Amino acid sequence: MSPVTFTAMCSANASSPRRWDGTPAHSPRSRSLRVAPDSPTRLVRSAQPGHCPDCGNRIDWHPRTDGDDRAVGLHPQELPAAAVPAVSRWHVSSGIAHPAHDGTPWCRIPHTALCPVRSAPAALTPQLAALRRHLALHTRRLINNGALTTPAPSPPERTESCRPARPVAHLLGVCYIASRPIDAIQCVAQTRQRHRCTRPVLDDQAPHGTWTLFPTTLPSHRPLSLPTDRMAVYDLTHLAFAEQLRWRHQHCPGHAASSAADLARTEWEPFAPRLHHQHIHQRLPHGARKQNHGA
């Protein structure tokens, strides 16, 4: 080998990073998830990271295929399938969670089966028991560091709540029930940092809805314990169509007209009086302006 060739090879090796064995140390270029223009949904099918509100441990939220519209929270790591009971085995394919085993030696497990705050399942293998103890230690560290607050004992329930935990909203001609109070509904759009937007849907600069007494329209064979005439509803039907659509898509005003993808499913559920009867309130929240609707 000539001195010129050897010098050129040394210069090339010095300019490009290499591993210990001389192979190029080039990491593959990361690609961001994008939504196709003809996609029927703007939801990116990737695990949405979150934390359990009870124990503080991490959860990966996935859409599911078992007929339940709610996302399922899975433990973020795979476990040996032999250590997980068959009824608790899940697998993830293309971002979708399937409640079955795919035949591989590994599987996923719902966080509810491991959450140290919940009661332990009857059939708990030694591997799962050890993992449950590990999560319990992490929960204790979060509590000691002040990063997780234990829920205070709930006071005796009054006849009516001043802030419904699961309010009923009327928009686009349909009654929906939310999974959290109106002022706590969070935007589901993706930010530039590829995280879920932390802004609420309710904004001081945008028009607000009105708390209204609305007919419950319960069937004649309802149980006697259910309300019989009217219920408190957050009415949005007087707003512009675009504003109602923003609430239905669960977007903050900043993402109302944005093309950003959604990182979570909307938390609205069609309101069913018999199914959600425990969330019916016959009186308006405190401080709400009263507006009556005809039947």
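These exercises walk through a predicted model, each with a worked solution.

Residues are numbered from 1 along each chain as its sequence is written. Because the model is predicted, local features need pLDDT of at least 70 and side-chain atom pairs count only at pLDDT 80 or more, while totals for chains, interfaces and linings use all residues; side-chain values use heavy atoms, with hydrogens and water left out.

**Exercise 1. Overview**

Task: State how many helices and strands the protein has, and what share of its residues is buried.

Solution: 
- Step 1. Take the elements. The protein has three helices and 12 strands. Helices (H or I, at least four residues) and strands (E, at least two) are DSSP runs, numbered from the N terminus.
- Step 2. Take burial. Buried means under 20% relative accessible area, exposed over 50%, and partly exposed in between (1.4 Å probe, protein chains only). Of the 295 residues, 36% count as buried.
- Step 3. Take the contacts, meaning heavy atoms within 4.5 Å. Among contacts with a separation of 6 or more, 58% come from residues 24 or more positions apart.

**Exercise 2. The nonpolar cores**

Task: Which residues have the most contacts inside the largest nonpolar core?

Solution: 
- Step 1. Define the core. It is a set of buried Ala, Val, Leu, Ile, Met, Phe, Trp, Tyr and Cys residues joined through side-chain atoms within 4.5 Å.
- Step 2. The largest core has 17 residues, and Ile-182, Ile-185, Tyr-234, Trp-247 and Trp-268 have the most contacts inside it.
- Step 3. Trace the strands. β8 (168-171), β10 (210-215) and β11 (230-235) each supply at least two residues of this core.
- Step 4. Zoom in on Trp-268. Leaving aside neighbours within four places in sequence, its contacts include Ala-169, Ile-177, Ile-185 and Trp-247.
- Step 5. Note the other core. It lies apart and has 10 residues, among them Leu-79, Leu-114, Leu-128 and Leu-131.

**Exercise 3. Aromatic pairs**

Task: How many aromatic pairs does the structure hold? Describe the pair of Tyr-176 and Trp-268 and the pair of Trp-211 and Tyr-234.

Solution: 
- Step 1. Count. There are three aromatic pairs. Rings of Phe, Tyr and Trp (its six-membered ring) pair if their centres lie within 6.5 Å; planes under 30 degrees apart count as stacked, over 60 as edge-to-face and the rest as tilted.
- Step 2. Tyr-176 and Trp-268 form a tilted pair, 6.2 Å centre to centre, with 55° between the planes. Tyr-176 lies in strand β9 and Trp-268 in the loop between α3 (241-249) and β12 (269-270), so the pair ties together parts 92 residues apart in sequence. Both Tyr-176 and Trp-268 are buried.
- Step 3. Trp-211 and Tyr-234 form an edge-to-face pair, 5.3 Å centre to centre, with 65° between the planes. Trp-211 sits in strand β10 and Tyr-234 in strand β11, so this pair ties together parts 23 residues apart in sequence.
- Step 4. Check burial. Trp-211 is buried at 15% relative accessibility, and Tyr-234 is buried at 4%.
- Step 5. Join the rings. Ring pairs link Trp-211, Tyr-234 and Trp-247 into a cluster.

**Exercise 4. Cysteines**

Task: How many disulfides does the structure hold?

Solution: 
- Step 1. Use the cut-off: a disulfide is a pair of cysteine sulfur atoms within 2.5 Å.
- Step 2. Count. The structure holds zero disulfides.
- Step 3. Check Cys-52. Its nearest cysteine sulfur, that of Cys-55, is 3.7 Å away. Cys-52 is buried, at 7% relative accessibility.
- Step 4. Check Cys-197. The nearest cysteine sulfur belongs to Cys-252, 3.9 Å away. Cys-197 is buried, with a relative accessible area of 4%.
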